[in-house]
Amino acid sequence: MAVTLDAQLLEILACPAPDHAPLTPGAPGDPDADALTCTSCGRVYPVRDGIPVLLLDEATPPDDGGRETDDQTSSDGA
């Protein structure tokens, strides 16, 4: 089920991390997930019963960027 939040609410919601970036509906691998994803850090916040849970402790860390190593190169779409 996709997140159905009022457009005005979605405009003012932001990631609670220090950078306060906007959120987009869905998760990186599932655009229909009941979640909101930070456009900056990639954390995924759950939406439960239509209510966004914007707590850092409840967020799922990004799938592909939790830790970077010097030898790791990213080739997501190549």
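**Figure 1. Cys38 and Cys41 in the predicted model, sulfur to sulfur**. The cysteine sulfur closest to that of Cys38 belongs to Cys41, at 3.5 Å, which is too far for a bond. A disulfide would need the two sulfur atoms within 2.5 Å. Cys38 is buried, its relative accessible area being 3%.

**Figure 2. Cys15 and its nearest cysteine sulfur**. The count of disulfides in the model is zero. Cys15 accordingly takes part in none, and the sulfur nearest to its own, that of Cys38, lies 3.7 Å away. With a relative accessibility of 1%, Cys15 counts as buried.

**Figure 3. The largest nonpolar core**. Twelve residues make up this core, among them Cys15, Cys38, Leu13, Leu23, Leu36 and Tyr45. Strands β2 (35-38) and β3 (44-48) each supply at least two residues of the core. Val3, Leu5 and Ala59 are also included.

**Figure 4. Surroundings of Leu23**. Neighbours within four places in sequence are left aside here. Leu23 is in contact with both Cys15 and Cys38, and with Leu10, Leu13, Ala14, Leu36, Thr37, Tyr45 and Leu54.

**Figure 5. Leu54, in the segment after β4 (51-52)**. Leu54 is partly exposed because its relative accessible area is 22%, and the buried class ends under 20%. Leaving aside neighbours within four places in sequence, the contacts of Leu54 are Leu13, Ala14, Pro16, Leu23 and Tyr45. Between Leu54 and Leu36 there is a separation of 18 residues in sequence and of 8.9 Å in space, taken C-alpha to C-alpha.

Note on methods. Residues are numbered from 1 along each chain as its sequence is written. This is a predicted model: local features need pLDDT of at least 70, side-chain atom pairs count only at pLDDT 80 or more; totals for chains, interfaces and linings use all residues. Side-chain values use heavy atoms; hydrogens and water are left out. A nonpolar core is a set of buried Ala, Val, Leu, Ile, Met, Phe, Trp, Tyr and Cys residues joined through side-chain atoms within 4.5 Å. Buried means under 20% relative accessible area, exposed over 50%, partly exposed in between (1.4 Å probe, protein chains only). Helices (H or I, at least four residues) and strands (E, at least two) are DSSP runs, numbered from the N terminus. Contact means heavy atoms within 4.5 Å.
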